[in-house]
Amino acid sequence: MAINSEPDLETLLIHGDDVNNRVTDVAPPINIATTFRYDNEDLIPWNERGDLSFMETKPIYSRLAHPNSSRLETLFSKILDGNAVIYNSGVSAFFAAMTYFNPKRVFLGQNYHGCTAAVNILERNGTLKKHTHKEIEEFAQKGDIVHLESPVNPYGTSYDIEEFVKKAHSKGVLVMIDSTFAPPPLQYVWDFDVDIVMHSATKFFGGHSDLLSGVLVVKDENIAKDLREDRIYLGTNIANLESYLLLRSLRTFEMRILKQSTSATQIVKFLNDNRHKFNKVLKEIYHSSLQKEDFVKKQLKGGYTPVFSIVLHNKEQCKALPNLLKYFIHATSLGGVESLIEWRALTDPYIIQTLIRVSVGCENTQDLINDLDQALTVIQLKQL
Ligand SMILES: *Cc1c(COP(=O)(O)O)cnc(C)c1O
């Protein structure tokens, strides 16, 4: 590697926000202030400011920007290769994109149920119409948005991003991709010419099931500035404490997700290789590592998503399985260091009723395999 080459992801995660250092503390301080003293040597009226980026060095009020939200934007802009805007949740990020781009039609497929529900609100208010991905060809017009999630919640399987982008762009339609299930270094979505990128930072970036956040990334700096201005009045900036927690999490993000990805792929292989052994329990297994299409490897060049789903034979089995496991906590969400399992019907109104979603954490892979093995064996023998 050349001496002056751009730093890699691991280095950026630790040093990408060094430019935002305000004090000598090695760990950025937690700033709990909502309001900040004006600099009496530099009093410029709002109307005379060209844009709002001054708030990043001279914070005014924390709903606008605060030291650690600005730090996060510096860091995310580097690791996600664009202009990042930070929010207080993934759904806020999605809603902000809908508000700013204001499409007349949104085309949705399988995706996080909360994004569909946000579109339902806008449809109820008469501001847009919801369509399926299958209807792009027939109904899409310039200025509309195709929202695509890949790998997709809750299955962990992938769609051909390039194919969607081609179809959408031929109609002048923007493609927004939710890449929550496979952030870099697993997947680099800009490679496929998408227009807007979103992540729920609550998941892998946060990684410890203790904060909510979301991020939007765009290529155009002026759009990012407009999104930041909108955010002031949507009231959806990330909170002070959460921004500190997220910064701390990001330092170790790459090691966590690479381990989770490898582990999940091995667990899925174990389940798939042992289908016969669990034939009275396991009906289906869904994960990108089981997909055969060429685009899957091309998209997930850094590894498969740490989330997969299984479909069991009946609801009784779905109720029993989480309770038989030692290391998989029965809870919603994903991406944390602790492995989670969820009978998805408990929170997702749109999903098949016998689906179990698994998010693989950072525990030892063999311990997790042994745990699943014993629990599935109990159900297999009980013939629930
Ligand atoms: C969790 C999730 C969201 C929503 O994010 P929140 O931070 O919970 O608001 C959006 N998309 C995907 C794929 C998710 O998993």
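The term stands for a side-chain nitrogen of Lys or Arg within 4 Å of a carboxyl oxygen of Asp or Glu.

Some ground rules. The model is predicted, with local features needing pLDDT of at least 70 and side-chain atom pairs counting only at pLDDT 80 or more, while totals for chains, interfaces and linings use all residues. Residues are numbered from 1 along each chain as its sequence is written, and side-chain values use heavy atoms, with hydrogens and water left out.

Now the layout. The chain is split into domain 1, residues 9-250, and domain 2, residues 253-382; the bounds come from an automatic or database domain assignment. Taken over C-alpha atoms, the domain centres lie 28 Å apart.

How many residues of domain 1 are in contact with domain 2? There are 39, and they meet 40 residues of domain 2, where contact means heavy atoms within 4.5 Å. The size of an interface is often given as the accessible area lost when the parts come together. Here about 3200 Å² is buried between domain 1 and domain 2, and carbon and sulfur atoms give 60% of that. Buried area is the accessible area, with a 1.4 Å probe, that two parts lose on being put together, summed over both. On the domain 1 side, Tyr155, Leu186 and Phe204 lose the most area to domain 2, together 24% of what that side buries. The rule also finds 2 salt bridges across this interface.

Next, Thr157, which sits in the loop between strand 4 (145-149) and helix 6 (161-169). Helices (H or I, at least four residues) and strands (E, at least two) are DSSP runs, numbered from the N terminus. Thr157 counts as buried because its relative accessible area is 16%; the cut-offs are under 20% for buried, over 50% for exposed, and partly exposed in between, with a 1.4 Å probe and protein chains only. Leaving out residues up to four places away in sequence, Thr157 touches Pro151, Val152, Tyr286, His287, Ser288 and Gln291.

Last, helix 8. Beyond four places in sequence, the residues Leu247 touches include Asp17, Pro28 and Asn68. Asp17 and Leu247 are 230 residues apart in sequence, yet 9.4 Å apart in space, C-alpha to C-alpha. Leu241 is also in helix 8, residues 240-250, but counts as partly exposed because its relative accessibility is 47%.
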